[in-house]
Each structure stands twice: as structure tokens, then as C-alpha cells.
Amino acid sequence: MLNNMTDCEEAEGGPNSQGDGNPKESSPFINSSAASDAEKSQQYDGKNMALFEEEMDTSPMVSSLLSSLANYSNLPTGSKEHEEAENNEEGARPSKKPVKVPQLGTLMGVYLPCIQNIFGVILFLRMTWMVGIGGVLGSFIIVFMCCSTTMLTAISMSAIATNGVVPAGGSYYMISRSLGPEFGGAVGICFYLGTTFAGAMYILGCIEILLIYIVPQAAIFKIEGLEGAEAEAALLNNMRVYGTIVLSFMSLVVFVGVKYVNKLALVFLACVILSILAVYAGVIKTALDPPVFPVCLLGNRTILSKGYDICAKVIEIDNDTVTTKLWRTFCDSDSINATCDDYFNTNNVTEIQGIPGVTSGILAENLFGNYLEKGMFLEKRGLASDADPDSPPAGSNRYVLADITSFFTLLVGIYFPSVTGIMAGSNRSGDLRDAQKSIPIGTIAAITTTSIVYMSSVVLFGACIEGVVLRDKFGEGVNGNLVIGTLAWPSPWVIVFGSFFSTCGAGLQSLTGAPRLLQAISRDGIIPFLRVFGHGKDNGEPTWALLLTASICEIGIIIASLDAVAPILSMFFLMCYMFVNLACALQTLLRTPNWRPRFKFYHWALSFLGMSLCLSLMFICSWYYAIVAMGIATCIYKYIEFCGAEKEWGDGIRGISLSAARFALMRLEEGPPHTKNWRPQIMVLVSVDAEQNVEQPRLLSLTNQLKAGKGLTIVGTSVQGTFLDNYVESQRADQSLRKLMETEKVKGFSQVVISSNLRDGTSHLVQVGGLGGLKHNTVMVCWPKNWKQPEYHQHFRNFIEVVRETTVASMALLVPKNIHSYPSNGERFTEGHIDVWWIVHDGGMLMLLPFLLRQHKVWRKCKMRIFTVAQMDDNSIQMKKDLIIFLYHLRIDAEVEVVEMHDSDVSAYTYEKTLVMEQRSQILKQMHLTKNEREREIQSITDSSRGSIRRKNPPGLRSQQSVEEASVAEKPEDEVQLIHSKNAASPTSPTSPAAPADKGQTANAEAGKDLFNMKPEWENLNQTDLRRMHTAMRLNEVITKKSKEAKLVLLNMPGPPKNRVGDENYMEFLEVLTEGLNRVLLVRGGGREVITIYS
């Protein structure tokens, strides 16, 4: 089988890859499609596999799969292939590079890189000061906390790293694939910023060593003679200038060739190890022969070493008392009688040993902390001091002073960067012979080693060095020496140069690693605006990412203070480590089937402890930096969530979502929601055309306006056919629904059902939509258009069946009429009314819906009016008062009007309308009957008519009626169609009571003996239908008069007929009820209260 290393390299971060493009994630196999056509053809040669021939294209044979897995290799998107690319630039490139099998073991591949990254500038420049300020106990607690955090993180990281193949990308890859693209991107950026600011910190440390301990004369802004803030500003300006120069030089080195950085890595590592060994050698030497290292104190205050040559006020030379340089520092002249500083006069000068040795017992004095305010004197404990509190403050250029205010949390923030770097091994996973074995062993061994060194250093520094020397950050009281250098053997210069080169190397490593991390994030395509940083030179070198990294690094250089930059990168690293622990804990607790790490010594409790420690340390270090860092991560998370590319990485957050959803659904099963929590969970029933496009897109606009993104929305449709034959059409319809939902900003789910007929499909949607307790309680369906035409006959029958089903299921029903005239989401009503006609109480749906609509910007400016109908025996004045009080308790603002409807005689037009309706329903029914069925139907109609006529009509009319009915029933179908057409064309919207009579007379004149104009037949009409038609027409007359100009009219929808004989009549009633109104929303309650006056 083909070795698929090249494909993996391209996919994971090759120069031509765009977005994710990683076949390892979209397929359960690793590049299972990598076989060539020739190899595929060979697979079919054997007769043993004939049974599976048809599936060979999609399901590879086990032998080919195993070959692909066994030969799997992965080069990192680090410096290795870039180095190879540079070496190959001169000659012609072969079409396919020979792949070198990674050969690095645990020592060279993980242990030493981790050691190099963990040991750094803080150990050499701030460790002694931390011990002096925080005391041995306090410093030990800090070191133990930080080392415990990294150890727990390493355990979690080892579990993740050994759970399958980790391609190059290290920590970012692990977090993003465990916690999803949103968390992965946020933490990836935080890790990138942490690495970048680490580069700034290392460069600042490098400059500090250079300007303070190696060549102080190189300072551009001279510090000599300056005091206080001026001296501090001059030092910071020097750091900024030299830091920018060094940053530019290092960026150029990284740009020109990473291979030089990699070749120097071992040299820098040797410097670090040599320096640490020199410190231990110096500690051993102090036990045998403590070095002479005097420190001069005045009273108990440490004096600047440049302020004296001899630690005495005066000396005897040839029996003459001669003043010293120290005298001249504190007095106004050389004379013995000169005026001197009060504190100088009242206190003696003492010389003590700066390094009394490990056997001196100084440990007891250094055991506890000595935190200082900025500008305070460095004082030795236990020495007498006679200071006058009223005396003016002494000059700051005479004593060693505290340069910053120190406290415990500050020490944590400054120290934590010295334990970072534990990801170095996992970042090189592509170079390791056996990453799943080497990463846990190497990382944990490196952390153990460095933790022992740090903890022993805390104890040994406190046991060997005098407290005032430890607290002297820049060695001003010990001739400007690096304090840790004073302890080293054989010479302080070993530490000075060792630390200088190690900080340079660490800075170069940061500037090499950070751009590659940014490039990996950019090429994943999860943060759109970072895509430009995925490009680089021909060999893949991330040029643009390097430029951005250098620019961000310059921010740290401008801050200029190592003590201010350290807490910043502490935040970002702690956040990264916190999410590594979270990833491991989640995977363990969720018991994901794919969670099978080879590293077994982990537990979710350890991961949670590590996560808690990280979070605690973030706020301990600096609560405001912690909030800023979390704010940055949250913004990136939200940006990826809304604008980022959709990725499915099988992450743990999706597992949490599933578990949380299951838990919530189980809770919902406990009972129906309380009235206060009730909201319309809508099932929107739409129809699709032959191209599977939605025919009523405005239904979704109305849904969005009604829901405002809250609650459950299911958009459903049915496709006619069988599942096997029409599955592709259903998928197309589903895509069409999703696309329209996205366009209309409807948050919800789409559902497509395939059924042998649309009626059953719609019924299935109403029945099975939703899951468990998360089911729809409201159905929205469009009014059937052109329902009177024969070809749409089935549509209105389906509609009425939906009305019946929702009634049986106790669901609310919303029927928008004239849906095409409803506003889109982009329209705005600047004025107008939403009119509610509250005829019968339906649980409060009519009150709730306008309130929800007015939350949306389309309807926000509309005012709400509520009309209710009073009968003859109702007190309309009292009704209005009661309704106003009711609305007040409901907290709904609306105008109230009570419309009085007096009993009146049924108009001639109502009789006419009812007659037309009944005859038409009879004709429609007979269109679908056979000849025998027609005869039986005629007989039943005749019998029922006779019974009615005997009661109400003279005998002469009875025979005439039966003959006319029989003649109509026996007409051929074309004549029936003709009658129906005439009926459809008859006027249906009179504007005054006089109009129906005139039109009826005109119809009489034209139709002659046509049965529609037989006035005596009015007495034979079904009285129930007549009453309903009368009600519909009276209500329509009132509604049209009051709400003709309303932007929307909501009114109660009458219930459907119990038997199916009157379906056409029901539709006619609703048509008459809503006639002449532009936008109507018919509302039918679900049989429960949905609004309450209680809080």
C-alpha cells in the first residue's frame, strides 16, 4: 500500500491546504481512499471477495486498511520539513520525497526539549528575589502549587496525547479536537498569545542581563546620577530600545532559516544545564569554604555598593582619622566636622557576609516573608536601627530600595512562567518514534526533574544567602553582580553568560513556535479573518504569521518590565492548561466510545483538581488580567460560534450537549409546563413544489416574528412516494427547508416525512414531531388557496383534517390567511393596530400572540386593540370595565372596545348564501360518487328534505322540491361542473343589505327556473347552517367596519364539524367570516390556559 505521509502533511498544514481538509477526521479510516486505481482493480481479482464486490468502492478490504494504518506517518508543521525544503531548493525536487521514519526517542524528543523550555529566565533573574521577599516557606508553597498544576496538566495531556494519533499541532490540536472548534480556537489563540508574550519576556530578560550585569556602559539612557522615577524610566527606555533591536534581529534569523535555530537549540540547552550545575557546585562549596562576599549595612539598611569603597565611616592612616567615600556620600564635605545625615550620625556601619554558607543557620532567618512597599529600604532582620520618624527622607541614591510593591499574588504571577513549557514534547509528536509512549514518560519526567530543581533551589538559596542579598533584585548591594551568580562556582560569569544565552535561545524558540501555531489555527479555517496568516513562503515558512507575532511581541517590549509581562503570559498559559484538564475530565466523565488512552494513570478528579488550580492561580496572579484573558477567549469563542467555519471533530462539547439535552428532555417528561412557562412551540407545516422549494416562505417570516428565536420551532413538510424511491427528493426538501430557515433566521429544526399520500404525511408530522417533553404544542398551517376549485378539492380536506387532529391532540392552531401579504422580516410598520377579536375564551392565546409579535421590530410600533362582542342580555359597560382590569393584571397594554350585536332577522342574502353553499356541497359530493351511490344519495337527500318540508312548507312545494333535487342530482357531470362554475362566479362580498336582494333578483331574471333562485326553498335550508352563516356574516360586517385598516386581525377560529359531510360548509363559513380583511390570523386554542395574572 501507498505510504500516505505526503497526503497527511498536505492536509494538516501543507502550503496548499485550505480550511481543514483533513481526511483523518471526516473518515473513520486514515486516508482510506489513498489507494491507486491499479490497486483497487487488484482487489477484485480474487474470487473470495465476490460477495462484497459492490461495496469495495466505499468499504476497503481489511488488508488494505491495515497496510494503510501500519504505514501511517506524520511530519509536523514545524521546522523539520521547512529545513528539508530549504535544503532541496537548490536542486531539482524529486516528484516524491523519500520519507524518513521518525527516530526520536523519549530523551531527545520529549525530555530535553521540555527541560529547555521549562528552565528559563525567571530561575536566573527572579528566583533569589522571590525567596527573599516571600520567605522559604512562602516561596516553597508557590513553587509547589505551580509545579502541581503543571504535573496534573501533564497527566491530563498524556491521556489525550495517547488517545490515538496526535498529528503535528500539539496542544492546539488536542484541545480543538477534544473540546470543539470554538474552545479550540479560543484556547489556541490564548496559547499563541502566551507563547508570543513569552518571547517578549525572554528578550526583556536577555536585555536585563546585558545592560545590568554584562555591559552597563552600553545604556543609551544613562542611569548614573538619576534617582527614583527618573532612573526607573531611563532603565525602561533602554529596555525598549535594545528590546526592539534584539526582536528585529531574532525575527530576521527566524525568517532567514529555522534550521539555524534548531541547530543552536542544543547549545542553549547545554548553557542552561551548565548554569544549574554551577549553582549546585557553589552550594556545596559554601558548606566547605564559604566565599568572602561582604555587604555593607548602615544600621540595618543595605547601602549601595557604588556608594562606598570601604565599609566604614572613617579609617586610621598613620594615626590620622581619614574620612571614607561612604562619609562623603552621607555628609556635605570630607571634614570630620561636616554636617551629615541624621541617620548616618546615629547608626553604626556593619559589614556582613552576603553568603554565609549552607551550614550557617541563616535558613531560620529567611524562613518567613518580608514583603516591601515600593521605595522601602532593604533592612536586615535582628539589627538595631535608630531612625527618627520626623527626619526628612534620606536620598534614594544611598540605599538599596525596593523597586516595586511586592505581595504574595504578585510573586505567583511572576514565577509561574518558569514552569511553562510542558507542551514541548507533545508539539513534536510527529518526530517521535513512539509518541504514545514517549510523551507521557518524557513530559512527566521533565516536570519531576524541574520541580525538584526549583524546590531544592528555594531551600538552598534560603539556607546559603543573606536575606538582604536575596531581596536585592539587581545586585546593587553586591557590586552589581547577579545574585544567583554570586553563589555559582567557579565564577559568577558562568551564570551570567549561561543565562544570557539560554534566554536568547528561549526567545528564538518562542518566535519560531508561535507563528507555526498561528498558521495551524489559520489553516484550520475556524477563524475567518486569520486565514491570511495561513500563507507563507514556498517552503511553508509562515511569513505573515511571523510578522504578526513580532508586532504583538513588540507590545511586550514596550511594556518593558519583566515583572509586568510575566503575569500576562501566565494568564494565557493557565487558561490553556485549564482547558487541557477540562478536555480530559469531560472525555472521562462522558465515557465517549473513542476515549481509550494508552496512558492509564489518569482520573477525572485529578483533571478537575488541575483545572481548579489553574483557575485559582489565574485570579491569584492578577484578577484583572484574568478577566481580560477570559474576555478575549470569550470574544473569540463567540466569534467562531457566529462567523467561523462549521467543523465536526467529534469533540467533547458535542458529547456534553447530547448529555445535557438528554438530561433536560428527561426533566421535561416529568410534567407539562406551568402556565407561566408556556410559550408556543410551533410546528410549521409547509408544502414544497416539484423542485422541492418551499411554496409559502412568508410562513417562516411570521414564525420568526412570533418566536424571536425563543422556544422550539419545527418546520415540516411531506414528500409523496416511498422511502426507497424518494429519499433523494426528501434530502433536497430538507436542504431547502434549512436554507430558508437560515435566510429567515428561524432557529429550529427541519423535518421531512415521505408518505404514500400527503394527508398521511402531514398527520405523521403532527403526531411524531419533537422528542419526549420537547414537543410542539402549536401547529401553524397556511389557509388553502383556491380551495373552491375542483383541482384543489383535496387540499381543503387535508386542511380540515389538520384542524381536527390538532383539536384531538389539544394543540393550538394558527392559520394565517392571505399569507403573501404578511410583512417580511426586513419591513417595519411605523404605525397601525393589531386588532384582537375575542369572541370565545381559548385559554388566552389571542392575548399572548399580539404581545409576542410586538416584541419583534416589524410589529413594535403597532398598538394593540381588543374587541369583544356583547349580546342582548350582556352589560357592555361592565364588560369593558372587567376587561380593562383583566388586561391590567395581565400587564398588557391595549385599547378595549365592546361591540354590541343585537338580535336581528336573517337577511335575504344570508338565505341565498346558505342555499348556494348547501347545493354546492351536494354537487361536490356527487362528483365523487358512482351511479348507484348517486341514486342512494338522492334518495337520502329526498327523504330528509321531505321530512323538513312536511314541517315547514305547503304540500305543493314539497313535490316541487323533490323533483328539482332529483333533476339536479341526475344531471351529467359536465352540467354539474357548469352549475359549480356559475356558483363560483356568483358575487360573495356584498357591502350593504340592499345589495344581496338586487343581486338575487338579477340572478332570478337570468337563471329563470334555476334551482338556486327558488325562494320557497329558503324554508327548507338546514337551520344550523343558516344560523352559522348569519353569525359569520354579522361578525364579518362588524369586524370589517372596525378593523378594515388594521395591520393584522386575530380572531377565534370556530371548531370543525364533527362529521365530514359539512366540510365544504365549514370552509365557506370561515371564508365569509374573514371576507374583506387583508391579514387575518385565525387562532384556535389548545384547551389549556397559556396566560396568567399571577407572578
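Me: At what angle do helix 21 and helix 23 pack, and how far apart are their axes?

Reply: This is a predicted model. In it, helix 21 and helix 23 (residues 623–643) pack at about 45°. Their axes are 10 Å apart.

Me: Why is that pair called oblique?

Reply: Roughly parallel needs an angle under 35 degrees, and roughly perpendicular runs from 65 to 115. The angle here is about 45°. Helix 21 and helix 23 are therefore oblique to each other. Their crossing is right-handed.

Me: Which residues make this contact, and what classes do they fall into?

Reply: Helix 21 brings Ala 564, Pro 567, Ile 568, Met 571, Phe 572 and Met 575. Helix 23 brings Tyr 625, Ala 626, Ala 629, Met 630, Ile 632 and Ala 633. Ala, Ile, Met, Phe, Tyr and Pro count as nonpolar. The tally is 12 nonpolar, no polar and no charged.

Me: What makes helix 8 oblique to helix 21?

Reply: The axes of helix 8 (residues 127–161) and helix 21 (residues 562–590) cross at roughly 50° and come within 9 Å. That crossing angle makes helix 8 oblique to helix 21. The crossing is left-handed.

Me: Which residues meet there, and how do they divide by class?

Reply: From helix 8 come Thr 149, Thr 150, Leu 152, Thr 153, Ser 156, Met 157, Ala 159 and Ile 160. They meet Leu 574, Tyr 577, Val 580, Asn 581, Ala 583 and Cys 584 in helix 21. The contact of helix 8 with helix 21 has nine nonpolar, five polar and no charged residues.

Me: How many cavities of 30 Å³ or more does the search find, and what volume has the largest?

Reply: The whole structure has five of them.

Me: What lines the largest cavity, and which classes are present?

Reply: Its lining includes Leu 123, Phe 124, Tyr 280, Ser 457 and Ile 484. Helix 7 (121–125), helix 11 (258–288) and helix 16 (435–464) each supply at least two lining residues. By class, the lining has 10 nonpolar, one polar and no charged residues.

Me: What is the form of the peptide bond from Trp 489 to Pro 490?

Reply: That bond is cis, with omega near 10°. Pro 490 sits in the loop between helix 18 (483–487) and helix 19 (492–524).

Me: What is phi of Gln 692?

Reply: Phi of Gln 692 is near 65°, a positive value in a residue other than glycine. Gln 692 lies in the loop between strand 6 (682–685) and helix 25 (698–707).

Notes: Residues are numbered from 1 along each chain as its sequence is written. This is a predicted model: local features need pLDDT of at least 70, side-chain atom pairs count only at pLDDT 80 or more; totals for chains, interfaces and linings use all residues. Side-chain values use heavy atoms; hydrogens and water are left out. Axes are lines fitted to C-alpha atoms, for helices over the stretch in contact, and angles run from 0 to 180 degrees between N-to-C directions. Helices (H or I, at least four residues) and strands (E, at least two) are DSSP runs, numbered from the N terminus. Angles under 35 degrees count as roughly parallel, over 145 as roughly antiparallel, 65 to 115 as roughly perpendicular and the rest as oblique. A crossing is left-handed if the near helix is turned anticlockwise from the far one by less than a right angle, and right-handed if clockwise. Contact means heavy atoms within 4.5 Å. On a 1 Å grid over the protein atoms alone, a cavity is a set of points where a 1.4 Å probe fits but cannot get out, and a pocket is an open set with protein on both sides within 12 Å along at least five of seven lines; lining residues have an atom within 4 Å of a point. Grid points are joined across faces, edges and corners, and a volume is the space filled by probe spheres set on the points.
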